[in-house]
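Biologist: Can you walk me through this one? I'd like to begin with a helix.

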Amino acid sequence: MRSLASELRKDRLATLTIRAGGITVILLVVAMVVAIGAQALPLFAPTTVGPVAAVAEAEAVAVGFGPRSFSVWWLGRGGRLTAAEAGGEPAPVVDLGTGLRSVDVELGGVVTVVRADGSWLVGRVGASDPAEAPAHPGIGWRELAKGDAGGGAGSLTGGTAVRTLDGGLLVALWGPEGVELAEWQDGGPVVAVRRIPLAGVTSAALAGDSDHLALVDGAGALQVLRLADLAPLPTRGLDRPVTRARFLHGGRTLVATELGGAVVVAIETPRVAIVNEGRGGVEIGGSTVPPGGRVVAADDGRWDGLAGRTEVRVGRVAPEWRAIHRLEPPSGSATAIATAPRGRCFAIADDTGGISLYNATSGRLLTRSGWASSPLSALALAPRGDALAAVADGRVLRAGIDHAHPEISLRTLFLPVWYEGYGAPATVWQTSGGSDGFQPKFGLWPLLVGTLKATLYAMVVSVPLALLAALYVSQLAPPWLQTVVKPTVEMMAAVPTVVVGFLAALWLAPRLELWLFPCLVAAATLPAAVAVAVPLWRALPTRFRRRFPKGAELVLLLAGCGLAVVLAVAVAGPVEARLFDGDFSRALFETWGIRYEQRNGLVIGLALGFAVIPVIFTIAEDACSGVSRSLVQAALALGATRWQAALRLVVPAAAPGLFAAVMLGLGRAVGETMIVLMAAGNTPILDLGPFNGMRTMSAAIAFETPEAAVGGTLYRVLFLTGFLLFVLSVLFTTAADLVSARLRRRHAEP
């Protein structure tokens with residue numbers, strides 16, 4: 001009895017231990033998923049504006065943020081430039097003279113002053129010598145340029161200035177007689193003065209990053225000029241009267257407020273000119289272009305296939321500024337526009353004392369708040385976009401902003417977005433660029449499609465081979481062959497995936513590119529050879545087939561298929577030389593516009609399929625071997641052949657296990673990282689074609705993580721990508737379990 005009680009206690013203890021271990025594993029997995037989701041959740045946090053606080057009293061006409069964090073500066077009474085740290089006392093810096101007519105603050109803290117006597121002055125707040133300003137060290141006015149209006153005193157009504165990409169400065173001054181453009185290098189004399197005879201200009205904006213000038217006249221007409229030749233650029237959707245306009249960071253996005261209150265976002269879109277140089281009509285974009293005809297269209301990628309046609313010439317023409325968003329208007333008439341020195345956020349102040357904060361990439365209103373009961377006369381965004389400063393009733397007001405990821409929304413993640421430099425909305429993954437004005441793109445569809453593409457090609461290669469091999473080894477192969485094949489296939493799982501990816505990228509990919517057409521011909525010949533060899537084997541007399549040992553049909557089948565492949569490869573060379581001038585890859589591009597990349601879906605299908613085969617084979621072989629031998633022997637006794645018994649009895653009985661093997665292989669392919677990272681080309685594109693590369697979700701996480709700043713947008717988007725990858729794996733696993741359970745119930749019926 002004691003022994004029995006002891007055994008029962010041990011059994012209960014073991015049960016509790018196993019149960020506790022299982023629950024612990026489940027809780028750890030759930031905690032891990034929750035932690036990943038928690039890191040991604042701040043992407044969708046709403047934008048909030050902190051309490052509005054008065055910084056100083058001033059008769060301000062302009063306001064901005066200086067080089068110091070939260071350093072607000074403005075032009076106050078008597079034309080004095082004034083600055084203060086956040087919440088500190090105002091400190092006079094320099095006296096610019098009385099009678100100020102216009103003051104403008106642009107990105108980078110460049111301030112442009114137009115005096116009543118017709119003179120102008122450009123400068124910025126910067127670090128000063130303590131000896132020059134002992135009372136307020138570290139804050140000083142730096143004069144960049146000054147001059148007099150060409151038309152004499154009183155001829156100017158406004159001005160604005162920006163820094164250019166080459167380090168110079170560019171100022172635009174306007175008045176009743178037209179617009180003057182002056183350009184100079186920092187600290188040097190004016191090197192160029194150009195005049196635009198356009199009367200009635202009331203507002204202007206400069207984009208130093210892209211050399212564009214936007215002008216608004218008294219009637220509200222908006223013109224965008226290219227500074228290189230002062231040629232007006234075509235616009236679309238900007239024909240309504242406009243009150244003011246500003247360029248965003250990078251210079252390729254323009255924000256304008258319409259007279260009716262609407263806010264319009266326009267971007268620079270590239271265009272191409274397509275000329276028919278042939279003797280006959282050419283079908284372009286659904287219409288026929290006659291010989292010598294010319295069509296100008298948006299460069300949205302549809303015309304890439306025309307580049308290889310000799311009768312068509314495709315060239316770039318002047319871009320077009322197109323309105324892509326018409327956003328929710330502010331509470332009242334716009335009085336000021338402030339753009340962020342970084343990113344694509346902008347704020348609009350109105351005559352009701354409210355401020356509306358927008359993001360141009362996502363095309364949405366982030367937040368709206370009331371700051372005063374009277375109109376706001378000036379507005380500025382902090383360099384990091386985390387604070388706002390405004391002027392109302394002679395007071396300088398400031399408030400903090402909490403919006404770490406304003407460009408992220410479900411729309412920008414999963415739907416096409418119209419980005420700068422694109423001819424049409426697109427879903428793009430491109431997180432870094434070569435300039436400060438680069439617009440990050442976080443479209444996740446290229447990663448999802450790349451993951452599904454890699455998985456698809458891997459399963460096309462691995463599933464037939466693994467399932468047929470499992471069925472043959474378990475039911476048809478002689479014992480000696482089973483002892484060789486099964487351990488060999490299982491040993492394939494021990495090969496490190498980094499080695500497989502290395503061989504695929506550096507050995508397989510170049511050879512596949514060199515032998516592309518013969519490989520394609522051989523791949524098409526192999527199924528045909530199998531389809532012909534199997535009926536031929538069955539057509540042989542039974543007495544003749546019995547002379548061969550059990551399982552010998554596989555050797556004969558492989559020999560026949562090998563001979564067919566050798567013949568196909570031998571014939572493929574002359575055929576390629578005759579039909580494609582010896583270069584099938586070039587013919588693909590010139591004839592069908594298909595570009596062959598060395599690291600592509602075919603390489604991934606072979607390499608990733610190699611890694612997935614052991615998973616599918618092992619489980620499928622166990623499922624087939626688990627079918628009762630008595631059932632197989634009964635089928636053979638009733639006259640069925642071994643092939644018939646295997647296909648019509650073993651496969652249906654083992655269907656739940658076979659399906660589970662395929663789904664586990666699918667999950668293995670979805671989560672693979674090193675092979676796709678090394679051999680897929682890392683090109684995040686929306687294309688399922690076999691001749692180009694891809695970027696999968698797991699590869700993006702591995703590739704982008706070293707560049708992601710902790711807490712930044714890319715950092716959290718990568719966590720969201722990992723969360724979606726986990727959800728994708730759970731969906732596959734759940735589907736496999738449901739289908740397997742249904743198959744088990746169906747085959748369990750009498």
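Modeller: Take helix H3, residues 445-475. H3 has 31 residues and reaches 43 Å from its first C-alpha to its last, close to the 45 Å expected at 1.5 Å a residue. The expected span is 1.5 Å times one less than the number of residues. Helices (H or I, at least four residues) and strands (E, at least two) are DSSP runs, numbered from the N terminus.

Biologist: What should I know about the source and the numbering?

Modeller: This is a predicted model: local features need pLDDT of at least 70, side-chain atom pairs count only at pLDDT 80 or more, and totals for chains, interfaces and linings use all residues. Residues are numbered from 1 along each chain as its sequence is written, and side-chain values use heavy atoms, with hydrogens and water left out.

Biologist: Back to H3. Where is its kink centred?

Modeller: On Met459, with a kink of about 30 degrees. The bend at a residue is the angle between axes fitted to the seven residues ending there and the seven starting there.

Biologist: Pockets next. What volume does the largest pocket have?

Modeller: About 2000 Å³. A pocket here is an open set of points on a 1 Å grid over the protein atoms alone, where a 1.4 Å probe fits, with protein on both sides within 12 Å along at least five of seven lines; lining residues have an atom within 4 Å of a point. Grid points are joined across faces, edges and corners, and the volume is the space filled by probe spheres set on the points.

Biologist: Which residues are closest to its centre?

Modeller: Leu465, Leu526, Val530, Leu558 and Cys561, out of 50 lining residues.

Biologist: And which elements give two or more residues to the lining?

Modeller: H3, H4 (479-492), H6 (516-539), H8 (552-580), H10 (601-625) and H12 (642-653). H6 gives the most, with 15 residues.

Biologist: Zoom out. How many helices and strands are in the chain?

Modeller: There are 16 helices and 35 strands. Of the 750 residues, 46% are buried. Buried means under 20% relative accessible area, exposed over 50%, partly exposed in between (1.4 Å probe, protein chains only).

Biologist: Now Thr112. Buried or exposed?

Modeller: Thr112 counts as buried because its relative accessibility is 0%. Thr112 sits in strand E8, residues 110-115. Its side chain reaches the backbone nitrogen of Ala161 at 3.1 Å. Beyond neighbours within four places in sequence, Thr112 has contacts (heavy atoms within 4.5 Å) that include Asp104, Leu121, Ala161 and Leu173.

Biologist: What about Leu165?

Modeller: Leu165 is in the loop between strands E11 (158-163) and E12 (168-175). Leu165 has a relative accessible area of 65%, so it is exposed. Its C-alpha is 5.6 Å from that of Asp209, 44 residues apart along the chain.

Biologist: And Glu420, what does its side chain make a polar contact with?

Modeller: The side chain of Arg344, at 2.9 Å. A polar contact is a pair of N or O atoms within 3.5 Å; within protein, one must be able to donate a hydrogen and the other to accept it, and residues adjacent in sequence count only if both atoms are side-chain atoms. Glu420 lies in the loop between H2 (410-414) and E34 (429-430). Glu420 is buried, with a relative accessible area of 11%.

Biologist: Last one. What is phi of Asn682 near?

Modeller: Near 50 degrees, a positive value in a residue other than glycine. Most residues other than glycine have a negative phi. Asn682 is in the loop between H14 (674-679) and H15 (697-704).
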